[in-house]
Amino acid sequence: MTTEIIPIWNSRGIRIPKPILEQCSLPNTVELTVEEEMLRLTRWRAPRTGWADTFCKAGEPGCDELLLSGVSPNVFDADEWEWQERGR
């Protein structure tokens, strides 16, 4: 599909035909980026969208200790870090 670039005050814009908007299901706010001389329009998502769900799926509190098993302490752990018991 071909469309004209039109003047809008100090900028220029394009009109996106309704059938294309319906097909893409774009909301009122979109992310606009340039990639290899192409203009890309994508659905805008608030920063950190979905993080809470991802954290919940990562595991129960305290299960991160398993990630550290087998890892030896380094200079920072020994000299610069003060370990405290949980709940203090």
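In strand β4, Met 38 is the bridge partner of Glu 35, and Arg 40 is the bridge partner of Thr 33. The model is predicted, so local features need pLDDT of at least 70 and side-chain atom pairs count only at pLDDT 80 or more, while totals for chains, interfaces and linings use all residues. Residues are numbered from 1 along each chain as its sequence is written, and side-chain values use heavy atoms, with hydrogens and water left out.

**Fold and strands**

- The protein chain has four helices and four strands, in the order β-β-α-β-β-α-α-α from the N terminus on.
- Helices (H or I, at least four residues) and strands (E, at least two) are DSSP runs, numbered from the N terminus.
- Strand β3 (residues 30-35) runs antiparallel to β4, and six bridges join them; two strands pair if DSSP finds at least two bridges between them.
- β3 and β4 form a hairpin with two residues between them, and Glu 36 in the turn has a positive phi of about 45°.

**Exposure**

- Buried residues make up 2% of the 88 residues in the protein chain; buried means under 20% relative accessible area, exposed over 50%, and partly exposed in between (1.4 Å probe, protein chains only).
- Arg 45 is found in the loop between β4 and α2, and it counts as exposed because its relative accessible area is 55%.
- The C-alpha atoms of Arg 45 and Val 30 are separated by 8.2 Å, with the two residues 15 apart along the chain.

- A search of the whole structure finds one aromatic pair.
- This pair is Trp 51 and Phe 55, edge-to-face, at 6.3 Å centre to centre with 90° between the planes.
- Rings of Phe, Tyr and Trp (its six-membered ring) pair if their centres lie within 6.5 Å; planes under 30 degrees apart count as stacked, over 60 as edge-to-face and the rest as tilted.
- Both residues lie in helix α2 (residues 51-58), four residues apart, about one turn of the helix.
- Trp 51 counts as partly exposed because its relative accessibility is 47%, whereas Phe 55 counts as exposed because its value is 57%.
- The charged end of Arg 48 sits over the ring of Trp 51, 5.9 Å from its centre; this term requires NZ of Lys or CZ of Arg within 6 Å of the ring centre and within 35 degrees of the ring normal.
- Gly 59, which follows α2, has a positive phi near 140°.

**Largest pocket**

- The largest pocket holds about 380 Å³ of space.
- Its lining has 15 residues, and Ile 14, Arg 15, Ile 16, Leu 39 and Leu 41 lie nearest its centre.
- The elements giving two or more residues to this lining are β2 (11-13), α1 (18-24) and β4 (38-43), and β4 gives the most, with three residues.
- A pocket is an open set of points on a 1 Å grid over the protein atoms alone, where a 1.4 Å probe fits, with protein on both sides within 12 Å along at least five of seven lines; lining residues have an atom within 4 Å of a point.
- Grid points are joined across faces, edges and corners, and the volume is the space filled by probe spheres set on the points.
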